[in-house]
Amino acid sequence: MSSGSGFGDEKGGSSSVGEPEYGHDPASGGIFSSDYKRHDDLKEMLDSNKDSLKLEAMKRIVAMIARGKNASDLFPAVVKNVACKNIEVKKLVYVYLVRYAEEQQDLALLSISTFQRGLKDPNQLIRASALRVLSSIRVTIIVPIMMLAIKEAASDMSPYVRKTAAHAIPKLYSLDPEQKDQLIEVIEKLLADKTTLVAGSVVMAFEEVCPERIDLIHKNYRKLCNLLIDVEEWGQVVIINMLTRYARTQFLNPNVNESLLEESGEKAFYGSDDEEGKEEKAEAAALAKRKPYVMDPDHRLLLRNTKPLLQSRNAAVVMAVAQLYFHLAPKAEVGVIAKALVRLMRSHSEVQYVVLQNVATMTIKRRGMFEPYLKSFYIRSTDPTQIKILKLEVLTNLANETNISTILREFQTYIKSMDKDFVAATIQAIGRCATNIGEVRDTCLNGLVQLLSNRDELVVAESVVVIKKLLQMQPEQHSDIIKHMAKLTDNIQVPMARASILWLIGEYCEHVPKIAPDVLRKMAKTFTNEEDIVKLQIINLAAKLYLTNSKQTKLLTQYVLNLAKYDQNYDIRDRARFIRQLIVPTDKSGALSKYAKKLFLALKPAPVLESPFKDRDHFQLGSLSHLLNAKAGGYQELPDWPETAPDPSVRNVEVKDSVPEWTKCSSREKRKEKKVEKPFYSDSEEESGPTESADSESDSASGSGSGSESEESGSGSESEESREESESEQEDKEDEEDKRKKKKKTDRGKVKAPAVESPESEESSGAEEKNRAQKVKGRRSGSESESEEEEESESESSRSESESESESESDTDAKKKKKAPVTKPPPKQAKKESKKEKKEMSLLDLDDFEPTPSPQVTPVNNFLSSSLVTDLEGLSLTDTVMAPTTIAPSGSVKTYELLHRITGEGLGVEYCFSRQPFSPDAHMVAVQIMFTNNTNAETKNLHVEDPKLQSGMRIKEFPEIELLPPGEMVTVVMGIDFCDSTQAANFQLCTHIRKFFVSIQPPVGELMMPVFMTENEFKKEQGQLMGMNEISEKLTLGEKCQNEHGIVQRVTSAANVSRVPCGSDKECRFAGKTVSSGILVLVTVATKEERAAQLTVNCEKMVIGTMLVKDILQALTQ
Amino acid sequence: MIHSLFLVNSSGDIFLEKHWKSVVSRSVCDYFFEAQERASEPENVPPVIPTPHHYLISVLRHRIYFVAVIQSEVPPLFVIEFLHRVVDTFQDYFGLCTEAAIKDNVVVVYELLEEMLDNGFPLATESNILKELIKPPTILRTVVNTITGSTNVGEQLPTGQLSVVPWRRTGVKYTNNEAYFDVVEEIDAIIDKSGSTITAEIQGVIDACVKLTGMPDLTLSFMNPRLLDDVSFHPCVRFKRWEAERILSFIPPDGNFRLLSYHVSSQNLVAIPVYVKHNITFREGSSQGRFELTLGPKQTMGKAVESVLVSSQLPRGVLNANLNASQGTYTFDPVTKLLTWDVGKINPQKLPSLKGSMSLQAGASKPDENPTIIIQFKIQQMAISGLKVNRLDMYGEKYKPFKGIKYMTKAGKFQVRT
């Protein structure tokens, strides 16, 4: 709006005032005397072939722009250089273009083609900068071109270009608001972007274009929460502010408990599917009454993910988090922000100013929060006055019975300050303390009275005003103070103070009957010289005295009224006329004069001294509107909490490689239907068909998945279409998963297979699930549990297949060997298994691994002799992440109990070492934790808290499990860096109601991971680990492990090591390295005659070596 | 967000303007000048000034007002923080952020501002990225540029903006690999008349100068991390690691940066390293006042207190001060009534003192306010809180860097009330 006038001014100003200066302007070259000549020169330079001349000219022009001089007549000459090769010239031309394009629309169009060409450049940075300048040119004609460019850039493979597209959206919107609908589409698309680079910018665009479309956020809410910490700081501010508003519309007020009984009942169903929900409705409702308010897990997620940002170096981020907590957090948790806000008080004075304003508002509502930091608000003589006054405000708000004495002592020193405005504010503050805290009222009053003898008039005047207010509360006891003040009228000149004294005397003239008429006499004398407010009070005093003591003051009053009648100010004349009619009885005087006394001497309520910051918190804290206490343009009202929470499931997101929560319901329903119809075996057999097709599909899906992954690193180039494709495939997969789940149900009914001894397939599925869990880590644990279930079903089904063989043998290879001679299982079965295996591998792929040859090779393992397997290991297993799934022949994964279901009050927790690399941190051991909810109530917010670790040990907690429905089981993975010691990791396992102290102690064999090496390498390494590092032990092999396979199986189950190929069949060699520090662990088992054998362990860490020997020995001798 | 930026010098001239959206007339600054006139002191200009159509948010640094014009709701701290970041960047580029420096480098300033904001929203504020885009002017480069006609603008594109560690340049190379860390602690204190401490707290920062080749991953651990009560990090620090182990793990930016600022928990008693004995009196009816000040070391753990500077704003009634310093030099400005005494190092054997008389306005009553004494000092090789760095390790690169850690304690806002 002001831009139009701005231009006018600009031109006018520069031509009239600016021009004559040009001659003296050093940057524009002082040698040129006349204006047009100088511009000719610049034009000449711009037209020349030399870049250096062009550059020089552009520099001068930019200097002119910087000074606000008009350089628009050079437009044609400058625009020609838009395609200049020299980067700096080009950049300066851009600066010029953006500045003047609006004025020279037609000419600006000449440059557009250059940018359009730039938009197609293979270099992402050039594309981005072209889009940036193009969108900055405010020329309406190019709106369609911009729209097109933005749309294209929004699906660019480079996140940087997409970011630029997000920046361009508000530019286009301000140029042409008609485009809003189309722009919202682009925003919606960009909101779904998963990169941190884009998130901040697109939310900014969202806030400028369509802040009311809160529905666009639903699906992206969790993602935004999780990305938040990695977004650049400016983006964080915007996102946090937006999420505050969002949360206010979607969640329930955590601080209102009473009215929420009903809704939390509703909330209890959240996540549980329709069917079960129906069954449990009564139960859940009963439950709801017990715990009246349960925070939505998404609400908790937001609070949890923003908290670390209080540690940001950026004051704006800290403030944004602080306001989020203030507006959204339960009372008990808001306290955390105080420390961070107090820290900001060390920053620049402008920052202090804003922070103090907000603290002042907060202290009114939540005083306790800042009380421990009282001293941080003490005032220093070097503070600017505006800061001092704000600190004073905070101190006053913080004052209570316990700290008032220290605060008053502090105030006393402030009164001596040289800064008189500040002293005046201090006196006001004392007055407020006195009114708020009854105990100190007299002390304060005495102190203020002492100030009446201060030499500084301002101080006295301010004290008078404050005393007046205080006296109004209990006038009876203080007539001596009133007398004292009456005397002051001779000295005090400050009108406000004089007026206050006169009012006091008038109001309480009955307490000072002797002095009051005398004061009036004096005042009547000086009436004409007084200020208006004093005059009004003199009339007031006269009237009151006339009513109470007319004998003495009748004449004086008449005199005063007469003076007032001819006063210059009409207010005073009016007042005089009004009062005369009211108090002086005449024949015409109406009914009112009877009540004159009541009118004038009515008991007046004592003033309430209030903080100016009261009720400011209806503005979002930290906002401009809050600071100004007035609604600023574009301010989005902070909505009130909803009465009932809107459907939380809107935030559920369909995640590519796991089943989202909401599909659960339908799938389960389907599953139940099918379950009855089909017997188990035929089902699984039939399934192999679709499985294979799904296999190939998911392969391609994985391709695109990894494509989009690598896109982030800027190398990949996967088009949007392929992504959509994979989405549809996802659906296929879900169908398939449905079937499998259904199968699982059957399983559960038929076979009660304890997870502990579940064989190979369990292991692999566990492994797979682990990989998956790693991928999913940021994702909802709900979906994890889903995938877990599905894996479980997988394992159980295959288990039940082998059940018939009455063998709990876990080694597949061994199984195969045994199977072959017995021929009990038909070859078909084996084939099917291999298919299953294959499918599992491809599922893995889905997670985002590039398909490596290994999955294709490994199924063959099943049919090969183990020695061949070991040979293959070195060849095919390039992908270490994949490796354990495929080789780890040791079947039984030992499960340990973390929390017994009795001590856990129905929550049973088991853990096992899944032997998977923990991808978030390679130095950590992955621990798979299985939660079983044996109660009939839901368990919520399962998470780890307060780890107590030995020095050096670290924990990577699993993502919080929001909900564990009754009877369900959930598996998560956490990483622990044990620092290669078998010390237990202690931590607390917290649910929404209880905390349990638990500890995980790893067997030494789990502290390592397999290493693949050749025989020669092994020998070489072993050679270096002789002497102290070698531990040998003789042993007698146990019954079951006399052959090679037995040994391999026993050793690999005791320790996470892999077999090293070996020429002699008398020796078995294994290699591994510790997870944390990567120290090699070499194990050799040399068999001799008659079950005798020798075990050798080579390891740099003797403790590990010794313990490992013990463990393996035990495993082999049993 | 940010519409325009005006730079205003202390005499009230607009010497630079930059617009990111449509041009806003500089007449909008008139509202600012009004507020400036109303304020008694330069720092009392309210940071946020509403005008009929715009809002002005300003910061004052180096006696230059940076006035940002905004049009609609935006968190004020967002703008203030950004403006400070602009000043820091200028300082980083030109060494000083003065009017002259900005005027001399107006083109670079303009280029910087262009990169830092896009349509009023911050785009690149990391110094490492900016330096890749626009090279800071050095004398050598200026000479070379004038001869060869080459430019300040980086030839390569800002790849840093694309990387996962946006704060670090790529392809850093040094022949001498070194990493220096300065632990600087400041004591903020208010001491009352009788010498007892009203409030004292320690604020510290760790400033780093890291010049390492490649992509080093550093970890810094403390002997006593429990001391740190409240910390704020450079974005490079991995927060989770700190939470779990109290170890600072980070990929450092190239060059100088502030790694960490912290607050030492308030439970710990703060050792006050200096004490002041003072006797400043004005007698009623006489035009003379006495002034006596003695400084002495206290709780310094054997370290010398250096660079001591005492300053005090004397009451308005004081005409002149006739003092005698046992050590160092003092100045008294009769206009601003500011007394400064440059003491230097405190010698525990011979305590520095400043004694003498003040002449007051004849006839005026005795000033009833007492001046506050502000003390600055430095103590080398000591962090007053006792914070100690345990070790610094580097991962990810093969070479052995040279590491150095320096401790220093300074007075922050250290005031003695009299």
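The model is predicted, so local features need pLDDT of at least 70, side-chain atom pairs count only at pLDDT 80 or more, and totals for chains, interfaces and linings use all residues. Residues are numbered from 1 along each chain as its sequence is written, chains are lettered from A and ligands numbered from 1 in the order in which they are written, and side-chain values use heavy atoms, leaving out hydrogens and water.

**Chain B as a whole**

- Chain B has seven helices and 23 strands; helices (H or I, at least four residues) and strands (E, at least two) are DSSP runs, numbered from the N terminus.
- Of the 418 residues in chain B, 57% are buried, where buried means under 20% relative accessible area, exposed over 50%, and partly exposed in between (1.4 Å probe, protein chains only).
- Among contacts (heavy atoms within 4.5 Å) in chain B between residues at least 6 apart in sequence, 68% join residues at least 24 apart.

**The nine-stranded sheet of chain B**

- Strands of a sheet pair through backbone hydrogen bonds, either parallel or antiparallel.
- One open sheet of chain B has nine strands in the order β11-β13-β9-β8-β23-β21-β16-β19-β18, with mixed pairing; two strands pair if DSSP finds at least two bridges between them.
- At its edges stand β11 (228-233) and β18 (329-333) of chain B, each with a single partner strand, so one side of each has no neighbour in the sheet.
- Neighbouring strands of this sheet are turned by 15° against each other on average, direction ignored; axes are lines fitted to C-alpha atoms, for helices over the stretch in contact, and angles run from 0 to 180 degrees between N-to-C directions.
- Within chain B, β16 (residues 305-313) and β19 (residues 338-344) pair in the antiparallel sense over six bridges, and V308(B) stands opposite G344(B) in β19(B).

**The four-stranded sheet of chain B**

- Another open sheet of chain B has four strands in the order β14-β15-β20-β17, with antiparallel pairing.
- Its edge strands are β14 (274-282) and β17 (318-325) of chain B; each has a single partner strand, so one side of each is left without a neighbour in the sheet.
- The twist here averages 15° from one strand to the next.
- β17(B) runs antiparallel to β20 (residues 353-360) of chain B, and seven bridges join them; A325(B) has L354(B) in β20(B) as its bridge partner.

**Where chains A and B meet**

- In this interface, 102 residues of chain B are in contact with 99 residues of chain A.
- The two chains bury about 8,600 Å² between them, 57% of it on carbon and sulfur atoms; buried area is the accessible area (1.4 Å probe) that two parts lose on being put together, summed over both.
- Twelve salt bridges are found across the interface, each a side-chain nitrogen of Lys or Arg within 4 Å of a carboxyl oxygen of Asp or Glu.
- A salt bridge joins the side chains of D230(B) and R343(A) (3.2 Å, N to O).

**Two residues up close**

- L112(B) lies in helix α4 (residues 106-116) of chain B and is buried, with a relative accessible area of 0%.
- Not counting residues up to four places away in sequence, L112(B) touches T89(B), F90(B), Y93(B), F94(B), L130(B) and I134(B).
- V460(A) belongs to helix α26 (residues 457-471) of chain A and is buried, with a relative accessible area of 4%.
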